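Have your viewer open and try each task before reading on.

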Amino acid sequence: YGCDVLALQECEGGEALSELGDKFEFVGSAEATETRGFVHLYVRRGVAFHAVTLGASSPSVAVRVRLAEASDDAELLVAAVHLPSGDSSGKRTAIMTQLMHDLGDDDNVCIVGDMNIKDDELSELRKDLRLREAGYSGFSFGAPGNRLDHRLPKRSFGQRYDRVLFAQNVWA
């Protein structure tokens, strides 16, 4: 793992995964009650951080990480989310709006995770919250040949539900 922050969704429980304990410190978890499982957030051992308190009902976990390379004591806020799926755009918007508020509408924010947001919905949300996206080609769910959900037709069009969003002072 060549990363400083590790975010996981759909974990079976809220406890830290023992397999990661030698390299990562467990920041915390949150239950994703409207999808499944738990969101976990970890920080590589040796990286300075502190957990950020979020609303209890939010399917997200956040951490403030000290950037070792920065000369001005800069910090990055990283939040991991697993938003409701299906016809829940209002809930997704409310959760993301509250998350940005809880993070202080900071310009040093990076939000990662399973957002269950289609491209057109994301476009409006990004404008409202002043966020940019680290776009990618391909699909994270429902692509032909990807049998993560047996109910999908074999010729389904894929979706990009896994996203990386970032604020003004961050580039991903």
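The model is predicted, so local features need pLDDT of at least 70 and side-chain atom pairs count only at pLDDT 80 or more, while totals for chains, interfaces and linings use all residues. Residues are numbered from 1 along each chain as its sequence is written, and side-chain values use heavy atoms, with hydrogens and water left out.

**Exercise 1.** List the elements of the protein in order from the N terminus.

*Solution.* Begin with the DSSP runs: helices are H or I runs of at least four residues, strands are E runs of at least two, and both are numbered from the N terminus. The protein has two helices and nine strands. Read from the N terminus, they give β-β-β-β-β-β-α-β-α-β-β. Next, take burial, where buried means under 20% relative accessible area, exposed over 50% and partly exposed in between, with a 1.4 Å probe and protein chains only. By this rule, 41% of the 172 residues are buried.

**Exercise 2.** Find the pairing partners of strand β3 and say how many of its residues are buried.

*Solution.* Two strands pair if DSSP finds at least two bridges between them. Start with β1 (residues 5–11), which pairs with β3 in the antiparallel sense over five bridges; C11 has F38 in β3 as its bridge partner. Move on to β2 (residues 24–31), antiparallel to β3 over seven bridges, with F24 opposite R44 in β3. Six residues separate β2 and β3 in their hairpin, and G37 in the turn has a positive phi of about 70°. Finally, check burial: six of the seven residues of β3 (residues 38–44) are buried, so the strand is largely enclosed by the rest of the structure.

**Exercise 3.** Describe the lining of the second largest pocket.

*Solution.* On a 1 Å grid over the protein atoms alone, a pocket is an open set of points with protein on both sides within 12 Å along at least five of seven lines, and lining residues have an atom within 4 Å of a point. The volume, about 170 Å³, is the space filled by probe spheres set on the points, which are joined across faces, edges and corners. Now collect the lining: V5, A7, Q9, L76, V78, C110, V112, G113 and V164. Two or more of these come from each of β1, β6 (75–82) and β7 (109–114). Last, sort them by type: seven are nonpolar, two polar and none charged, with Gly counted as polar and Cys as nonpolar.

How values were computed:
1 Å grid on protein atoms, 1.4 Å probe; cavity = no way out; pocket = protein on both sides within 12 Å on 5 of 7 lines; lining within 4 Å.
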